[in-house]
Amino acid sequence: MSDNELKAAVLRKMLMHRWIGGKHTALDNIPKGFPPHVRNDVARVTEDLIREGFIMRKPTSYGEHVSLNPKMIYEAKKLAGMV
């Protein structure tokens, strides 16, 4: 899979679970559900999405959590092919 396909898959997963804004999940949960040979690439692409502003970090006392940036929902849906 290409990086753009992986980015779309990650965004689609987060949109379907509605991990947006105040509803967040552990960073370790993002690669779950992907084939084992792709999980390292998913983790790398997730970091890229954080740098691009699609995903926000939420530091907690029990680990690093992430959620979609509510200001970029339309762009995320567009990249994920949901619009």
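Asp 3, Leu 6, Lys 7, Val 10 and Leu 11 of helix H1 meet Asp 41, Val 42, Arg 44, Val 45, Thr 46, Asp 48, Leu 49 and Glu 52 of helix H2. Contact here means heavy atoms within 4.5 Å. Helices are DSSP runs of H or I with at least four residues, strands are runs of E with at least two, and both are numbered from the N terminus. The residues of this H1 and H2 contact divide into 6 nonpolar, 1 polar and 6 charged. In that count Ala, Val, Leu, Ile, Met, Phe, Trp, Tyr, Cys and Pro are nonpolar, Asp, Glu, Lys and Arg are charged, and the others, Gly among them, are polar.

Before I go on, the sources. This is a predicted model, in which local features need pLDDT of at least 70 and side-chain atom pairs count only at pLDDT 80 or more, while totals for chains, interfaces and linings use all residues. Residues are numbered from 1 along each chain as its sequence is written, and side-chain values use heavy atoms, with hydrogens and water left out.

Back to the first pair. The axes of H1 and H2, the latter being residues 39-52, come within 9 Å and cross at roughly 75 degrees. Axes are lines fitted to C-alpha atoms, for helices over the stretch in contact, and angles run from 0 to 180 degrees between N-to-C directions. H1 and H2 are therefore roughly perpendicular to each other. On this scale, angles under 35 degrees count as roughly parallel, over 145 as roughly antiparallel, 65 to 115 as roughly perpendicular and the rest as oblique.

Now the other partner of H1. How do H1 and H3 pack? Their angle is about 125 degrees, and their axes are 8 Å apart. H1 and H3 are therefore oblique to each other. The contact is made by Lys 7, Ala 8, Leu 11, Arg 12 and Leu 15 on the H1 side, and by Ile 73, Ala 76, Lys 77, Leu 79 and Ala 80 on the H3 side. These residues divide into 7 nonpolar, no polar and 3 charged.

Next, H3 itself. Which residues of H3 are buried? In this helix, residues 73-80, they are Ile 73, Ala 76 and Ala 80. They lie on the same side of H3, because they cover an arc of only 60 degrees around the axis. The arc is that of the directions from the helix axis to the C-beta atoms. Buried means under 20% relative accessible area, exposed over 50%, and partly exposed in between, with a 1.4 Å probe and protein chains only. On the other side of H3, Tyr 74 and Lys 78 are exposed. The cover over the buried residues of H3 includes helix H1 (3-17) and strand S3 (63-68).

After H3 comes Gly 81, with a positive phi near 80 degrees. Gly 81 is exposed, at a relative accessible area of 60%. Between Gly 81 and Val 38 there are 20 Å in space, C-alpha to C-alpha, and 43 residues in sequence.

Arg 18 has phi near 60 degrees, a positive value in a residue other than glycine. Arg 18 sits in the loop between H1 and strand S1 (25-26), and it is exposed, with a relative accessible area of 61%. His 17 lies in H1 and is partly exposed, at 41% relative accessible area. The C-alpha atoms of His 17 and Ala 76 are separated by 14 Å, and the two residues are 59 residues apart along the chain.

Asn 29 is in the loop between S1 and H2, and it is partly exposed, with a relative accessible area of 24%. From Asn 29 to Leu 49 the C-alpha separation is 15 Å, over 20 residues in sequence. Gly 53 is in the loop between H2 and strand S2 (55-60). What does Gly 53 contact, leaving aside its neighbours within four places in sequence? Gly 53 is in contact with Asn 69 and Met 72. The C-alpha atoms of Gly 53 and Lys 71, which are 18 residues apart along the chain, are separated by 9.3 Å.
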